[in-house]
Amino acid sequence: MEQRNKQDEIVRIVETYSDMLLRIALNRMSSIAAAEDVVQSTFERLLRRNPRFISREHEKAWLIKTAIRICIDESRKASRANVPLNEEIAEAYSPDSFELLETVRQLPEKDRDAVYLFYYESYSTAEIAKLLGEREGTTRARLSRARKKLRQLLEGENHEQRI
Amino acid sequence: MNSVYEAYDNIAASSAFKSRMVQTLQQKYTPRERAGGFAVKRRTLAILIAAAVTVLAIGTAAAATIIARKYYSPSAYLMQGREEREQNQSTVPDVENAIASAKPESGAFCVVMLPEMENAAELNEWRQKMGQPVYSEQDWGWIRDIRPEIEEVLVDGHTLAFNVRLNTDHGKSFDLRYRTDDGQRLDAACDGATISFEKDGQTVEQFVYAGTGIHPDSVSETGATLGSEIELKDLSEPLPTDGKVHVTMQIGIRDAKVDDMADIGLLAAITYSFEFDASAGADVAAPTVTERVLSGSVVLTETDGNGNEFNKRVSLDGVVLTETLHYRSTGVYVTYTLQSAPDGWTDADTRALLLPSFESPSHYGLSVVCAKKGADAVLKPGHSTGAAAGEYVCILPIFPADYETIEAADYEIRIGCRYVSAYNDNPVGEDWRLPAGADGYDLSTTDQPIASFALPLP
C-alpha cells in the first residue's frame, strides 16, 4: 500500500508542478536542459526531505522557494557572464515566450521572480514578499520598477495588451 | 507579444520530460517490496528518536505546540477567513477574542464611477494610451452593483484588521488567475479609511492609510474578500478600549490592464462604512517595562545616504534598551527602543541595530526569539510590522491560555543581530561596503548572539 501511495504521489507532484517549476527556472537558466535539471533537483529535494505541509498552497510555496534557491546555486556554479537565452526556446514554446523571457532576463533576478509570481501565479505582493523573504514595500517597489522596465523594453511593438 | 500571462502560459514541460521524471523519481524514491518493512521500521525509529529529543528539550506537550508556531501575525490569521480556519482547525480561541462584533452602518455605501470623477477625461486618455478602450457603461456598469459587506474585524492595541466581502456576480474578474470571456481583470484596494469615535463628549475623526489586498483564495463567482490592515500607531488619538468605533473606507476598483496600483487605473471608487465594538482590543494585563543593559561588540550593517549597505563594528558597552511587553489576546508584543548610549553612538547605529530582521538569509538587523533555556528549539516571532525607525516590534505567538501551561522561568528572550557576511557568495568582513553601481546582487547574513533575558508573563 505504501509503495502504491508513493508512486501515485510522485505522479501527482510531477503533473501538478512541472510546468510552474519550469517557468520559474527559465527566468534564470539559459536553456531548457538546464531548467529541466532545476525541476528535477527540486522534486528530488522534496522527496528526500519529505516535509509536512498544512495545505496545497504551503506545498506550492515550498516548491517555488526551493526552485529559486536551486537556480541561484546553479547560476553561481556556472560562469557569472550573462549567458544568452538558447533560441531553442522559441521553437519549443513560442516566439512570444522567447521574447518575454529575453525581456524579463534583463531585469534583476529577484525582479524576475516577482514578475512571474505576480503576473502568472497571481500571488499578492504580501505573499510574494513572504516567498522572497523581503518586506512587502520592497516587493511592490520591485514590481513597479519591473513594470516600467518591461514597458520600456517592449515599447514600440504592436501589442494588444500591455503589462 | 500579447501578454505576459499568455507568454508564460505557452511554456510547459513536455510529456516526454514528465514521463522521464516520474520514472526516475519512482525508481529512486519508492520503497522496494523486500526492504519496505525495513524502511518503515527505520523511519518509525527515526520519528521516535526525534520525538524523544523534542520531549526532553521542551518538556510539555503544550510547550511543544507553542514552539511549533511559526510566522504568525494577527492579520495573517484573519486572512484565512472564519470558514477556512474552522476547516483547517487552526482556530486559536484567544485570537478569536480579538475579533470584534461588527456591522454595517445604515446608508453604508456609495459608488462613484469613472465618468463621474473630476479627472474622467485624463483617466480615459490613459486607458487609450495603455491600449484599452475608453470607459463604457456596457463594459463596466456592473461595478455599480457591487455590494460590500463587513465580514470580520480584528483589533488589538497594535493592529486593526478587517475583511470586507465584495459581493458581485463578476467575482472572477478579481482573480488574475482566471481569464473571463470578456477578459476583464480588476484589483480592489482600500485607499484609506476615516476612523471616528466619541471621546469626552466630542467626535474624534482621523484619516489613515491601510495595507490592503484581495485574498486570492477568497475569489469565487459571487465575489472576493478585500483584507485591510491599519497600524494603530498611525492614529494621533488612540482607539478607545470600549464603545463603538466607526470606519469609513475608500475602496478603489482598478483595471489591472491599465494600472492596478496608481489612480490612473481607477474605474470606480466605493465608500463603505461599518462600526465595531472596541472592547475586543483591550490588553489582557498591564505591560511590563524593563531596562536591558548590553555589552560586548557586534558588526552592524548600515546604509549610507544613497541606500548602499556597509558594515561597521560597534561597541555595545553602555547601550541600554527599553524592553516593553504588551500582553494581548493576539500574542505578546515585544518592543525595543534605545534608552541611552555612550558618546560616539549615532542615530544610524540605532536604526541599524533595531532594524527588524525577517526570516530570510539576506536580512540584517535585530533578531528576537523566545526559547527554552538550554535548548536550541525556538519560538520565532511573527512578522514584525508597524515599527518606526529606531524601534523594533515583534509578536511572540504566546497567548493568554499559554500563561498557565508553560513555566515562564524556563524560558528566555534571546536577542541577536544579523549582519552581511557574504556578497554574491563571497565572504565579506566588518569593513565591507557595497560596490558602487551594484545591482541584482545576493546578500547572506550571519547572526551574532547579544544577550538573553527572562521572559516575564502575567
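The conversation below sets values against definitions.

Mentor: Keep in mind that this is a predicted model, in which local features need pLDDT of at least 70, side-chain atom pairs count only at pLDDT 80 or more, and totals for chains, interfaces and linings use all residues. Residues are numbered from 1 along each chain as its sequence is written, chains are lettered from A and ligands numbered from 1 in the order in which they are written, and side-chain values use heavy atoms, with hydrogens and water left out.

Trainee: Why does B:G183 count as buried?

Mentor: Buried means under 20% relative accessible area, exposed means over 50%, and partly exposed lies in between, with a 1.4 Å probe and protein chains only. B:G183 has 14% relative accessibility, so it counts as buried, and its place is in the loop between β4 (159-167) and β5 (186-199) of chain B. The helices (H or I, at least four residues) and strands (E, at least two) that we name are DSSP runs, numbered from the N terminus.

Trainee: How is B:T330 classed, buried or exposed?

Mentor: With a relative accessible area of 0%, B:T330 is buried, although B:T330, too, is found in a loop, the one between β14 (320-328) and β15 (331-340) of chain B.

Trainee: What joins the side chains of B:T330 and B:D156?

Mentor: A polar contact of 2.4 Å joins them. The term asks for a pair of N or O atoms within 3.5 Å; within protein, one must be able to donate a hydrogen and the other to accept it, and residues adjacent in sequence count only if both atoms are side-chain atoms.

Trainee: What makes helix α5 of chain A largely enclosed by the rest of the structure?

Mentor: Seven of the ten residues of this helix (residues 95-104) are buried, so the rest of the structure largely encloses it; among those seven are A:F98, A:L100, A:L101 and A:V104. Chain A as a whole has eight helices and zero strands, and 54% of its 163 residues count as buried.

Trainee: What is the largest nonpolar core, and which members touch the most others?

Mentor: A nonpolar core is a set of buried Ala, Val, Leu, Ile, Met, Phe, Trp, Tyr and Cys residues joined through side-chain atoms within 4.5 Å. The largest has 60 residues, of which A:F43 and B:Y8 touch the most other members, and helix α1 (residues 2-26) of chain A gives the most to this core, with ten residues. Apart from it lies another core, of 52 residues, among them B:V164 and B:L239.

Trainee: Which residues does B:Y8 touch?

Mentor: Not counting residues up to four places away in sequence, B:Y8 touches residues including A:L100, A:L101 and A:V104, where contact means heavy atoms within 4.5 Å.

Trainee: Why does β11 of chain B have one side without a neighbour in the sheet?

Mentor: Two strands pair if DSSP finds at least two bridges between them. Seven bridges join β11(B) to β14(B), which run antiparallel, and B:A285 stands opposite B:Y327 in β14(B). The open sheet of four strands has the order β11-β14-β15-β18 (chain B), with antiparallel pairing. Because β11 (285-293) and β18 (391-396) of chain B stand at the edges, each with a single partner strand, one side of each is left without a neighbour in the sheet.

Trainee: How many bridges join β1(B) to strand β3 of chain B?

Mentor: Two bridges join them, and the definition asks for at least two. B:I99 stands opposite B:L154 in β3(B).
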